[in-house]
Amino acid sequence: SANARDAVFSALADETRRVLLDRLRVRNGQSLAQLARGLRMSRQAVTKHLEALEEAGLVASDARGRGARFRLTPRPMTDAMRWMADVGGEWDERLEALRTHLARRRPR
């Protein structure tokens, strides 16, 4: 749905969230402490970013023992990429039709 895509694009618009997704892409199933390591912000701020990623459906958390582990859930991103490919394909078709039209009108 459009709302789900909007949530994905909104989540991906933030650099810190993209860093967190990259960290999970490299090593899935990390704790908050592991994900926050090296970031110049509080764990509370990292938690807020992870919550935004969860709301967009890009990350899920599993409570284990004293802390949660975060993992990627890539389906919403796949759906957003499919939408972008569809839109891009439509524009490619339109531009090709315009090129063809202009080529026909060009004096010889």
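**Sheet.** I began with β1 and strand β3 (residues 67–72), which pair in the antiparallel sense over two bridges; I take two strands as paired if DSSP finds at least two bridges between them, and strands (E, at least two residues) and helices (H or I, at least four residues) as DSSP runs numbered from the N terminus. Within this pairing I found S31 opposite R69 in β3. I then followed the whole sheet, which is open, has three strands in the order β1-β3-β2 and is antiparallel in its pairing. Its edge strands are β1 (30–31) and β2 (59–64), each of which pairs on one side only.

**Basis.** I note that this is a predicted model, in which local features need pLDDT of at least 70 and side-chain atom pairs count only at pLDDT 80 or more, while totals for chains, interfaces and linings use all residues. Residues are numbered from 1 along each chain as its sequence is written, and side-chain values use heavy atoms, with hydrogens and water left out.

**Helices on the sheet.** Helix α4 lies across β2 and β3, running at about 115 degrees to β2.

**α2 and α4.** The axes of α2 (residues 15–26) and α4 (residues 43–55) come within 10 Å and cross at roughly 80 degrees. I therefore record α2 and α4 as roughly perpendicular to each other, on a scale where under 35 degrees is roughly parallel, over 145 roughly antiparallel, 65 to 115 roughly perpendicular and the rest oblique. In this contact T16, R17, L20 and L21 of α2 meet V46, H49, L50, A52 and L53 of α4. These residues divide into six nonpolar, two polar and one charged, counting Ala, Val, Leu, Ile, Met, Phe, Trp, Tyr, Cys and Pro as nonpolar, Asp, Glu, Lys and Arg as charged, and the others, Gly among them, as polar.

**A52.** I looked separately at A52 in helix α4: leaving aside neighbours within four places in sequence, A52 is in contact with A11 and R17. A52 and L12 are 40 residues apart in sequence and 9.7 Å apart in space, C-alpha to C-alpha.

**α1 and α5.** The axes of α1 (residues 2–12) and α5 (residues 75–105) come within 9 Å and cross at roughly 100 degrees, which makes α1 roughly perpendicular to α5. Here R5, V8, F9 and L12 of α1 meet P76, M77, A80, W83 and M84 of α5, and by class I list eight nonpolar, no polar and one charged residues.

Definitions and conventions:
Axes are lines fitted to C-alpha atoms, for helices over the stretch in contact, and angles run from 0 to 180 degrees between N-to-C directions. Contact means heavy atoms within 4.5 Å.
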